[in-house]
Amino acid sequence: MVEKQESRNQAIVAMMELANMTNVPMALNAVIRLNVPDAIWHGGANAPLSAAQILARVRPDGDAENLQRLLRVLSSYGVFHEHLAAGERKYSLTHVGETLVADERGLSHAHYVLQHHQEELMRAWALVHEAVVDPRKEPFERANGEAAYRYYVKKPEMNELMQKAMSGISVPFMRVMLEGYDGFHGVEKLVDVGGSAGDCLRMILHKHPSINQAINFDLPQVVANAPPIPRVTHVGGDMFKTIPQGDAIFIRWVLTGCTDEECKYIMQNCHKILPEGGKLIVCEPALPEDSDESHRTRALLAADIFMMTMYRAKGKHRTEEQFRQLGISVGFPHFRVFHVDPFFTVFEFQK
Ligand SMILES: C[S@@+](CC[C@H](N)C(=O)[O-])C[C@H]1O[C@@H](n2cnc3c(N)ncnc32)[C@H](O)[C@@H]1O
């Protein structure tokens, strides 16, 4: 009887936590908007500071008690360390919190958080159930009248934030990938499909000087904002119409936003364009088979719902086996998988 009550109590608090879970990313968004991570980091000092001391650096007229409330909840989720001494609470950044600190190029995971919590995206979250009722239209489009990428490119500030968010995630991933994956050897002309501002190509070319030509291919309005990069030509277009030719094709974080039919179509076109022995190198989040409670599985499942809600109701995170099957279905006889990063997996399809 006591056991039953105990388990019921646990169930109730677990549900109370779930019911209010939105507070966590919104608190995260708030501290980023207030520039708290950089203020604590302070050039690497990361010394514990009270809410009032943090505010003195970023917003002297702000309310310290309310900032402390945000810091407390985020400490509970591992973003800050809480140092409690003589009744005073002070906060420093954990390793998780450090991912929000801008590097020498101004990049961090902070832009990704900000990008995900813009008003237009928040409106779509209220309509997630519509992706079940009728998946022909994404919740984002229902909420905002237009598909997300088409919407972003019409709003310069959204477009810019999207590019910064992509760079903030891509740059640390590419560092790790280029250490652990050697499949670019021998490539002379590389095409990046959906390459955004060209950060991935910049890093690949830096590591592989033998690649003497590269094309960063993305929507015209996206490449219009991309900075010049030596040996890279920015080409605007639509991957569903045509893909520029190269002896290897790189696609990162794009197929996830496509239905199975669209993936097949794109991969089939890549297969046609590639010379014999040419590679299609794909980096996408890969779903585990189990729905366990690890941070990795949760991050992958959560981003899958984000995909369904914002970009493509029938786009999805796929398992390794689903990628293998896609490759086979469009005629790639060789398939290799590289686990170089906990979130993104590298899939190499060779003709
Ligand atoms: C999630 S972002 C990934 C960006 C980049 N590959 C990276 O990993 O940082 C997806 C990219 O696909 C581009 N994209 C979406 N639809 C496209 C289309 N029809 N043709 C070409 N690019 C497209 C977007 O503009 C965006 O830059």
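**Ligand site, domains and helix packing**

Biologist: Between which domains does the ligand lie?
Modeller: Domain bounds here come from an automatic or database domain assignment. The shell around the ligand receives residues from both domains concerned, so the ligand lies between domain 2 (103-170) and domain 3 (171-350).

Biologist: What kind of model is this, and which pLDDT do side-chain atom pairs need?
Modeller: Residues are numbered from 1 along each chain as its sequence is written. The model is predicted: totals for chains, interfaces and linings use all residues, local features need pLDDT of at least 70, and side-chain atom pairs count only at pLDDT 80 or more.

Biologist: Which residues come nearest to the ligand?
Modeller: A residue counts as near if its C-beta atom, placed from the backbone, lies within 6 Å of the molecule. The shell divides into 9 nonpolar (Ala, Val, Leu, Ile, Met, Phe, Trp, Tyr, Cys and Pro), 3 charged (Asp, Glu, Lys and Arg) and 4 polar residues (the others, Gly among them). Of its 16 residues, the nearest are M166, S170, G194, S196 and M239.

Biologist: How is helix 4 oriented relative to helix 5?
Modeller: A51, A52, I54 and L55 in helix 4 meet A64, L67, Q68 and L71 in helix 5, a set with 7 nonpolar, 1 polar and no charged residues. Axes are lines fitted to C-alpha atoms, for helices over the stretch in contact, with angles from 0 to 180 degrees between N-to-C directions. The axes of helix 4 (residues 51-58) and helix 5 (residues 64-76) come within 9 Å and cross at roughly 110 degrees. Angles under 35 degrees count as roughly parallel, over 145 as roughly antiparallel, 65 to 115 as roughly perpendicular and the rest as oblique, which means that helix 4 is, relative to helix 5, roughly perpendicular.

Biologist: How far apart are the end C-alpha atoms of residues 125-332?
Modeller: UniProt, in an unreviewed entry, lists this span as "domain: O-methyltransferase C-terminal"; feature names are shortened, positions follow the numbering used here, and annotations may be inferred rather than shown by experiment. The span is 46% helix and 13% strand, and its end C-alpha atoms are separated by 38 Å.

Note on methods. Helix = DSSP H or I, 4+ residues; strand = E, 2+ residues; numbered from the N terminus. Contact = placed C-beta atoms within 7 Å.
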